Amino acid sequence: MRMRALALVSLTAVLAGCGQDAEITQNVVPPQPPAPATSAAPPAPSAGTSVELSTSPTLVQVQQRRRLLVGVRNDAPSAFLSRDPAGGYQGFDAEIARDLAQRIGLPPGAVQFRRLPPTQLRDAVLSGDVDLLLGSTAEVPQLAEVGPYVVADSARNLVVKADDQLLAEELRRMLDAAVADGSWQRAYDSTLGAAGIEARPGS
């Protein structure tokens with residue numbers, strides 16, 4: 001009788017232990033698979049893959065300043081640039097400069113012209129006193145010509161710093177767009193054409 005009682009107690013303990021293990025197993029959260037390794041962020045595109053206004057140091061300054069500084073020769077023919085009765089500027093170069101300002105994202109009136117003698121044009125660009133020159137030439141390796149933006153008796157170019165290649169590329173694209181959408185022709189008709197000067201786009 002004593003042996004049966006001991007066996008019954010042992011069996012009860014075993015069954016109780018099995019039931020407890022089963023309950024714990026049901027409540028245990030299954031182990032989570034390891035988190036996938038995070039992939040590194042894709043590399044930023046190099047500056048040469050696309051032309052963005054924000055990547056040109058000069059155009060970043062223009063956008064921050066909200067004004068385009070344009071150098072022009074003080075001996076430019078009046079059909080290209082002259083003062084109007086209100087004290088502003090008129091002529092083909094003025095129209096082209098305002099068109100470029102709009103394509104940069106500025107209002108047409110956000111152009112400031114600086115009339116300079118030919119001897120000061122180069123230094124004005126290199127020192128940053130102007131963002132670009134209209135109707136000039138790149139006389140030193142530190143300057144680059146963009147264009148020409150018009151060919152009349154001679155080719156007239158935009159001139160910028162040679163080390164801002166993205167600016168040069170963007171200006172070329174803008175000049176091509178001005179020809180394609182008729183802006184160049186409208187500027188010509190109201191200025192050079194009205195003055196009887198024959199000219200054509202540079203591209």
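How many bridges join β6 to β7, and do these strands run parallel or antiparallel? In the predicted model described here, 6 bridges join the two strands, which run antiparallel, and β6 and β7 form a hairpin with 3 residues between them. Strands are taken as DSSP runs of E of at least two residues and helices as runs of H or I of at least four, both numbered from the N terminus, and two strands are regarded as paired if DSSP finds at least two bridges between them.

The model is a predicted one, in which local features need pLDDT of at least 70 and side-chain atom pairs count only at pLDDT 80 or more, while totals for chains, interfaces and linings use all residues. Residues are numbered from 1 along each chain as its sequence is written, and side-chain values use heavy atoms, with hydrogens and water left out.

The chain contains 6 helices and 7 strands, which follow one another along the sequence in the pattern α-α-β-β-β-α-β-α-β-β-β-α-α. Of its 203 residues, 34% count as buried, where buried denotes under 20% relative accessible area, exposed over 50%, and partly exposed the range in between (1.4 Å probe, protein chains only). Among contacts with a separation of 6 or more, 61% are accounted for by residues 24 or more positions apart, a contact being defined by heavy atoms within 4.5 Å.

Strands of a sheet pair through backbone hydrogen bonds, either parallel or antiparallel. The parallel sense is found between β1 (residues 68–73) and β5 (residues 132–136), which pair over 3 bridges, with glycine 71 having leucine 133 of β5 as its bridge partner.

When residues up to four places away in sequence are not counted, phenylalanine 113 touches Val70, Val72, Leu81, Tyr89, Asp93, Ala94, Ala97 and Arg98.

In helix α2 (residues 57–65), Thr58, Leu59 and Val62 are buried; seen down the axis of α2, its buried residues fall within an arc of 90°, so they line one face of the helix, the arc being that of the directions from the helix axis to the C-beta atoms. These buried residues pack against β1, α3 and α5 (165–180), whereas the face of α2 turned away from its buried side carries the exposed residues Pro57 and Gln64. In helix α4 (residues 118–126), Leu121, Ala124 and Val125 are buried, and the buried residues of α4 likewise fall within an arc of 90° and so line one face of the helix. What covers them includes β1, β4, β5, β6 and β7.

Glutamate 145, found in strand β6, counts as partly exposed because its relative accessibility is 35%. Glutamate 145 and asparagine 157 are 12 residues apart in sequence and 5.9 Å apart in space, C-alpha to C-alpha, and their side chains are joined by a polar contact of 3.4 Å. A polar atom of the glutamate 145 side chain also lies 2.9 Å from the backbone nitrogen of alanine 138. A polar contact is a pair of N or O atoms within 3.5 Å; within protein, one must be able to donate a hydrogen and the other to accept it, and residues adjacent in sequence count only if both atoms are side-chain atoms.
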